[in-house]
2 protein chains.
Amino acid sequence: MQAKPSSKSVNPGSAEDASGLRMTRQRQGVYRVLLAERDHPTANDVFMRVKDKLPHISLATVYNCLEVLVEHRLVRQVNFEREPSRYCPNLEEHGHFHDQHTGVIHDVKFKPGVQLGDVLDLPSGAVIEDVEINLRGQLSLA
Amino acid sequence: MQAKPSSKSVNPGSAEDASGLRMTRQRQGVYRVLLAERDHPTANDVFMRVKDKLPHISLATVYNCLEVLVEHRLVRQVNFEREPSRYCPNLEEHGHFHDQHTGVIHDVKFKPGVQLGDVLDLPSGAVIEDVEINLRGQLSLA
DNA sequence: GAATCAATTTAGAATAATTCTTGCTATTGG
DNA sequence: CCAATAGCAAGAATTATTCTAAATTGATTC
């Protein structure tokens, strides 16, 4: 979590971590909030939580940090319908199940060994960069 | 496409088709636009196209019609990230592949006999109401 | 340690898709 | 025809997100 000192940087003014990301206080704070409670908070949820540690942080900064974390693939952005985006620090490829009763979003793992092409009739020559699987329903107690 | 006359309706003021939907000129126009070019247009796209036939239709009405068509399951709403919603008259269960080069959205069929539970580790007792599968990538010519 | 300079943060304004409100029109059933 | 309900239009309102411009930070260089 500490800036790596480098004798000669091609990119002056930056001290980047392994992912090429400068870990500022704000980015660290935002990232920690996501790791602390993995309940898929919205940008605004994150904003309210991170203010405990960084009372002067602005909502725009939270958006900036989230964007940068997503770009650097430390965090995934999860969209359900047109609801506010939610953020998820689980980097394994996985889907999401939105329980309509409780509002809780559960991560859903793929069964081992499953390939997309086994399941979907992909257009020939399709190179998939990103997969998004969103389920909606309810958890019956039966 | 024509309202069904019914001698005694529980629902006064309505002449509904099989799906329980009153097929007004506007709804018909919007629906026909979707059937005519299955290229996943946005609400605004639909608005511009339907104006040929119904020059006085308003954008709000297009939104209303699309909403009502989606509610009655004649049309599916497709969301990619936080882009404007797109609309799709393909009622078979299917996913979408968004070609990043061309912007074209392709329908993607499931391979026959595939069950969600075969592929995903669903929470026990999960009753799935709706499945959304969105892929992003490119079509390489190789 | 001071100067430099790009990256980052901030506060608030701007944007844009969508929804809401209100008043009007159309259609239905009686 | 009448009363009731549904649907439509126009524009205002909402809201998540992005943009802008100015201030700050912090790594590197001097």
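Biologist: Which side chain does B:Asp130 meet in a salt bridge?

Modeller: B:Asp130 meets the side chain of A:Arg136, at 3.0 Å from N to O. A salt bridge here is a side-chain nitrogen of Lys or Arg within 4 Å of a carboxyl oxygen of Asp or Glu. This is a predicted model: local features need pLDDT of at least 70, side-chain atom pairs count only at pLDDT 80 or more, and totals for chains, interfaces and linings use all residues. Residues are numbered from 1 along each chain as its sequence is written, chains are lettered from A and ligands numbered from 1 in the order written, and side-chain values use heavy atoms, without hydrogens and water.

Biologist: How many salt bridges are there between chain B and chain A?

Modeller: Two. The other one named here joins the side chains of A:Asp130 and B:Arg136, with 3.0 Å from N to O. That pair crosses between chains, from strand β5 of chain A to strand β5 of chain B. Strands (E, at least two residues) and helices (H or I, at least four) are DSSP runs, numbered from the N terminus.

Biologist: Is B:Arg136 buried or exposed?

Modeller: B:Arg136 is buried, with a relative accessible area of 17%. A:Asp130 is partly exposed at 23%. Buried means under 20% relative accessible area, exposed over 50%, partly exposed in between (1.4 Å probe, protein chains only).

Biologist: And B:Asp130, what is its relative accessibility?

Modeller: 24%, so B:Asp130 counts as partly exposed. A:Arg136 is buried at 16%.

Biologist: What else is linked with A:Arg136 and B:Asp130 in a network of salt bridges?

Modeller: A:Glu81. The closest N and O atoms of A:Glu81 and A:Arg136 are 2.2 Å apart. A:Glu81 lies in the loop between β1 (76-78) and β2 (86-88) of chain A and A:Arg136 in strand β5 of chain A, so the pair ties together parts that are 55 residues apart in sequence. A:Glu81 is partly exposed, with a relative accessible area of 23%.

Biologist: How many salt bridges over all chains?

Modeller: Six, from a search of the whole structure.

Biologist: New topic, the interface. What area do chain B and chain A bury between them?

Modeller: About 3500 Å², 53% of it on carbon and sulfur atoms. Buried area is the accessible area (1.4 Å probe) that two parts lose on being put together, summed over both. The contact takes 40 residues from chain B and 40 residues from chain A. Contact means heavy atoms within 4.5 Å.

Biologist: How many residue pairs are in polar contact across it?

Modeller: The rule finds 20, both residues at pLDDT 80 or more. A polar contact is a pair of N or O atoms within 3.5 Å; within protein, one must be able to donate a hydrogen and the other to accept it, and residues adjacent in sequence count only if both atoms are side-chain atoms.

Biologist: Which element gives the most to the side of chain B that touches chain A?

Modeller: β5(B), with 14 residues.

Biologist: How does β5 of chain A run against β5(B)?

Modeller: Antiparallel, with 13 bridges joining the two strands. Strands pair if DSSP finds at least two bridges between them.
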